[in-house]
Amino acid sequence: MDYVAAVEGSTAAIGYGLAAIGPGIGVGLVFAAYIQSTARQPESSRMTLPYVWIGFAVIEALALLGIAFGFIWQGNL
């Protein structure tokens, strides 16, 4: 039996699953830094919160671009 020939489907889904590790770590680092800075200086929490959301949005936008490019390079879009 040839098991290699039995593997069918999208490798873009596997690639995106592996590529999602990076944004997951990035989001964790952004919120960990915010929590640490708020614990050190609580009065600056309202001043730094908008930067946390901007960083989160940029990281998630890069993750969405990754899934879009995966489907574009595969040829399904």
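Helices (H or I, at least four residues) and strands (E, at least two) are DSSP runs, numbered from the N terminus. The model is predicted: local features need pLDDT of at least 70, side-chain atom pairs count only at pLDDT 80 or more, and totals for chains, interfaces and linings use all residues. Residues are numbered from 1 along each chain as its sequence is written, and side-chain values use heavy atoms, with hydrogens and water left out.

**Exercise 1. Fold and confidence**

Task: Give the order of elements in the protein, then state which element has the lowest mean pLDDT and which the highest.

Solution: 
- Count the elements. There are three helices and zero strands.
- Read along the sequence. The pattern is α-α-α.
- Check confidence with pLDDT, the predictor's confidence in each residue, from 0 to 100. The mean for the protein is 83, and 78% of residues reach 70 or more.
- Keep a caution in mind. Where pLDDT is low, the predicted coordinates should not be read in detail.

**Exercise 2. The length and faces of α2**

Solution: 
- Sort by accessibility. Buried means under 20% relative accessible area, exposed over 50%, partly exposed in between (1.4 Å probe, protein chains only).
- Of its 77 residues, 13% count as buried.

**Exercise 3. An aromatic cluster**

Task: Work out which rings pair with Trp53.

Solution: 
- Rings of Phe, Tyr and Trp (its six-membered ring) pair if their centres lie within 6.5 Å; planes under 30 degrees apart count as stacked, over 60 as edge-to-face and the rest as tilted.
- Search the whole structure. Three aromatic pairs turn up.
- Take Phe31 and Trp53. Their centres are 5.7 Å apart with 75° between the planes, an edge-to-face pair.
- Phe31 sits in helix α2 and Trp53 in helix α3 (residues 45-74), 22 residues apart, so the pair links distant parts of the chain.
- Take Trp53 and Phe56. Centres 5.9 Å apart and planes at 85° make this pair edge-to-face.
- Explain the spacing. Trp53 and Phe56 are three residues apart in α3, which is about one helical turn.
- Join the pairs. Phe31, Trp53 and Phe56 form a cluster.
- Phe31 is partly exposed at 25%, as are Trp53 at 46% and Phe56 at 28%.

**Exercise 4. Ser45**

Task: Is Ser45 buried or exposed, and which residues does Ser45 touch?

Solution: 
- Locate the residue. Ser45 lies in helix α3.
- Read its accessibility. At 18%, Ser45 counts as buried.
- List contacts (heavy atoms within 4.5 Å). Leaving out residues up to four places away in sequence, Ser45 touches Tyr34 and Thr38.
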